[in-house]
Amino acid sequence: MTEAEQEKAPDLAALEQEGEIAADYVEGLLDIADIDGDIDMDVEGDRAMVSVVGVKGTDLVGPGGEILEALQELTRLAVHRQTGERSRLMLDVAGYREKRRAELSKLGTEVAETVKRNGEPKSLHPMTPFERKIVHDAVAAAGLRSESEGEEPNRFVVVLPA
């Protein structure tokens with residue numbers, strides 16, 4: 001590994017520490033809210049992943065994942081407070097993000113096929129950065145390109161013809 005690759009390589013120990021801090025924080029929130037659930041930690045690529053599994057209902061996800069996004073931001077702030085570093089931690093509850101990833105990949109592929117057929121750009125509804133990334137990846141895999149337009153929180157993907 002070259003020196004440049006070593007500098008870019010994620011620090012596994014730091015990511016594991018982020019995951020542990022986040023897991024403790026989320027576990028505390030679950031205790032306060034008297035919600036039963038187990039915490040799973042992992043590292044995927046360059047980010048820590050913390051998942052709450054075994055919870056019933058969608059109280060921790062909310063409509064369109066809004067509560068999950070807020071919990072993720074609070075958890076990132078808790079990690080930042082202890083480490084002093086910005087966190088890219090990903091929080092999931094009851095597999096919501098995996099289900100959402102599958103839905104968005106399918107959407108990106110379908111919209112790309114439509115744009116290929118009719119040659120017209122297609123704008124999608126506003127999405128979070130996580131959601132836009134999945135759609136961009138699916139569009140690229142289908143051989144087209146896409147761009148994000150607008151301002152947060154109303155930023156959206158536009159799929160462009162070849």
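I take helices (H or I, at least four residues) and strands (E, at least two) as DSSP runs, numbered from the N terminus.

**Entry 1. Basis.** I worked from a predicted model, in which local features need pLDDT of at least 70, side-chain atom pairs count only at pLDDT 80 or more, and totals for chains, interfaces and linings use all residues. Residues are numbered from 1 along each chain as its sequence is written, and side-chain values use heavy atoms, with hydrogens and water left out.

Entry 2. I counted two strands as paired if DSSP finds at least two bridges between them. S1 (residues 38–44) pairs with S2 in the antiparallel sense over seven bridges, and Asp42 stands opposite Met49 in S2. The two strands form a hairpin with two residues between them, and Gly45 in the turn has a positive phi of about 60°.

I then turned to S3 (residues 90–93), which runs parallel to S2 and is joined to it by four bridges. Val52 has Val93 in S3 as its bridge partner. From S2 the chain crosses through helix H3 (residues 66–83) to S3 in a right-handed β-α-β crossover; right-handed means that, with the strands pointing away from the viewer, the path from the first strand over the helix to the second runs clockwise.

**Entry 3. Largest pocket.** I used a 1 Å grid over the protein atoms alone; a pocket is an open set of points where a 1.4 Å probe fits, with protein on both sides within 12 Å along at least five of seven lines, and lining residues have an atom within 4 Å of a point. Grid points are joined across faces, edges and corners, and a volume is the space filled by probe spheres set on the points. The largest pocket has a volume of about 660 Å³. It is lined by 28 residues, of which Arg47, Met90, Thr128, Pro129 and Phe130 are the closest to its centre. S2, H3 and helix H5 (129–141) each supply at least two residues of this lining.

**Entry 4. Second largest pocket.** I recorded about 220 Å³ of space here. Of its 14 lining residues, Ala14, Leu15, Glu18, Asp46 and Arg86 are the closest to the centre. Helix H2 (12–33) and S2 each supply at least two lining residues, and H2 gives the most, with four.
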